[in-house]
Amino acid sequence: MGKKGMLGILFFLIMAGMMSLAISGKSRFPLINSGVAMVVLPFEEAANYMGSGLDGIRNYWRALTSLQADNARLQQENQELRSANLKMASIFSENQQLRKLLDYKEEHQSQTVVPAKVIARDFGSLRDSLYINIGKNKGLAREMAVVDGTGLVGVIDEVYDDYARVLLITSSQCRIGAIVLRHDSRAVGITNGKGSTGDDLLMKHIYREADIRVGDIVVTSGYSGYHPANILIGKIVNKRMDNIGLLQEAEVKPSTDIVDVESVLVITSFTPKSKIEGQGGQAK
């Protein structure tokens, strides 16, 4: 190796050592430091930029993961609250129905009633019948009246050992003696369901001269002896002459929403209307 080569290697080593010292900050060589800065700083800026970018990406994914977890937790809590609200609404509705049944029992001391739950409906025709969870085991018999807290639901149609079929007042086969409650009318007739043509009842066989009005309240007459008197049936919403033109008939909107009935009372015995009126006459 020649002298120039040796000097070149020596110069390179010296410069490398000085650059190393300059980079490490142990010695200051203004000219070399400036050169080093020009070379090194762009790489450091790029490295810092990439590091910041990677930190941003990591923070983004960390925040996204946390947000997804919070969203899943909130959805779960929302579902639990919705389920709890539905349960509370169901309990409230059931309590309201039971309160109405209790009020009915307290207001009709002359009637002996047995509580029952609706266990099934005749889905072939929702207006026709439903089934309750008591039968002969609770002394039920055909033609006994079935009520809820708002009025007449129907009558017992078939009785089995531990369940019974209730023929609903909205059935065309259910015929109940009815009377207008207004003291200056007292028009009587027979109510039955209109079947598939609607939920309203039809009160028929009303005398031509009878005073009936839209809005009149209709209750059971009690004349048949099968059912107690003064059980609420519904309200007259329309009146007209029958097809022959000799008698009146009226459309009656039932007081009970048959579709929503869940709990009922079966009237197993009662004081007949004639005895109540006789007792009233004696008291006078």
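The legends below describe several close-up views of one predicted protein model.

Residues are numbered from 1 along each chain as its sequence is written, and side-chain values use heavy atoms, with hydrogens and water left out. Because the model is predicted, local features need a pLDDT of at least 70 and side-chain atom pairs count only at pLDDT 80 or more, whereas totals for chains, interfaces and linings use all residues.

**Figure 1**
The protein chain holds three helices and 12 strands, where helices (H or I, at least four residues) and strands (E, at least two) are DSSP runs numbered from the N terminus. Of its 284 residues, 31% are buried, buried meaning under 20% relative accessible area, exposed over 50%, and partly exposed in between, with a 1.4 Å probe and protein chains only. Among the contacts in the chain with a separation of 6 or more, 55% are between residues 24 or more positions apart, a contact being heavy atoms within 4.5 Å. The average pLDDT, which is the predictor's confidence in each residue from 0 to 100, is 79 for the protein chain, and 68% of the residues score at least 70. Over residues 278-284 the pLDDT is below 50, and this stretch has zero contacts in the model beyond near neighbours in sequence.

**Figure 1. The barrel that contains strand β1.**
Six strands form a closed barrel in the order β1-β2-β5-β4-β3-β12, with antiparallel pairing; two strands pair if DSSP finds at least two bridges between them. Neighbouring strands of this sheet are turned by 45° against each other on average, direction ignored, the axes being lines fitted to C-alpha atoms, for helices over the stretch in contact, and the angles running from 0 to 180 degrees between N-to-C directions. Strand β1 (residues 111-121) pairs with β2 (residues 129-132) over three bridges, and Arg121 has Leu130 of β2 as its bridge partner. Strand β2 in turn pairs with β5 (residues 164-168) over four bridges in the antiparallel sense, with Ser129 opposite Leu167.

Val146 lies in strand β3 (residues 145-148) and counts as buried because its relative accessibility is 1%. Leaving aside neighbours within four places in sequence, Val146 is in contact with residues including Leu152, Ile156, Val166 and Val266, while its C-alpha atom is separated by 8.9 Å from that of Leu168, 22 residues apart along the chain.

**Figure 2. Thr256 in a loop between two strands.**
Thr256 is placed in the loop between β11 (248-254) and β12 (263-270), and it is buried because its relative accessible area is 4%. Its side chain makes a polar contact of 3.0 Å with the side chain of Thr150, a polar contact being a pair of N or O atoms within 3.5 Å of which, within protein, one must be able to donate a hydrogen and the other to accept it, while residues adjacent in sequence count only if both atoms are side-chain atoms. The side chain of Thr256 also reaches the backbone nitrogen of Gly151 at 3.5 Å. Beyond neighbours within four places in sequence, the contacts of Thr256 include Asp148, Leu152, Val153 and Val261.

A barrel of six strands closes in the order β6-β7-β8-β11-β10-β9 with antiparallel pairing, and its neighbouring strands are turned by 40° against each other on average, direction ignored. Four bridges join β6 to β7, and Ala178 stands opposite Gly189 in β7. In the loop between β6 (176-180) and β7 (188-193), Arg186 has a positive phi of about 55° although it is not a glycine, and its relative accessibility of 33% makes it partly exposed. Asn230, in the loop between β9 (217-220) and β10 (232-241), has a positive phi near 70° and is partly exposed at 43% relative accessibility.
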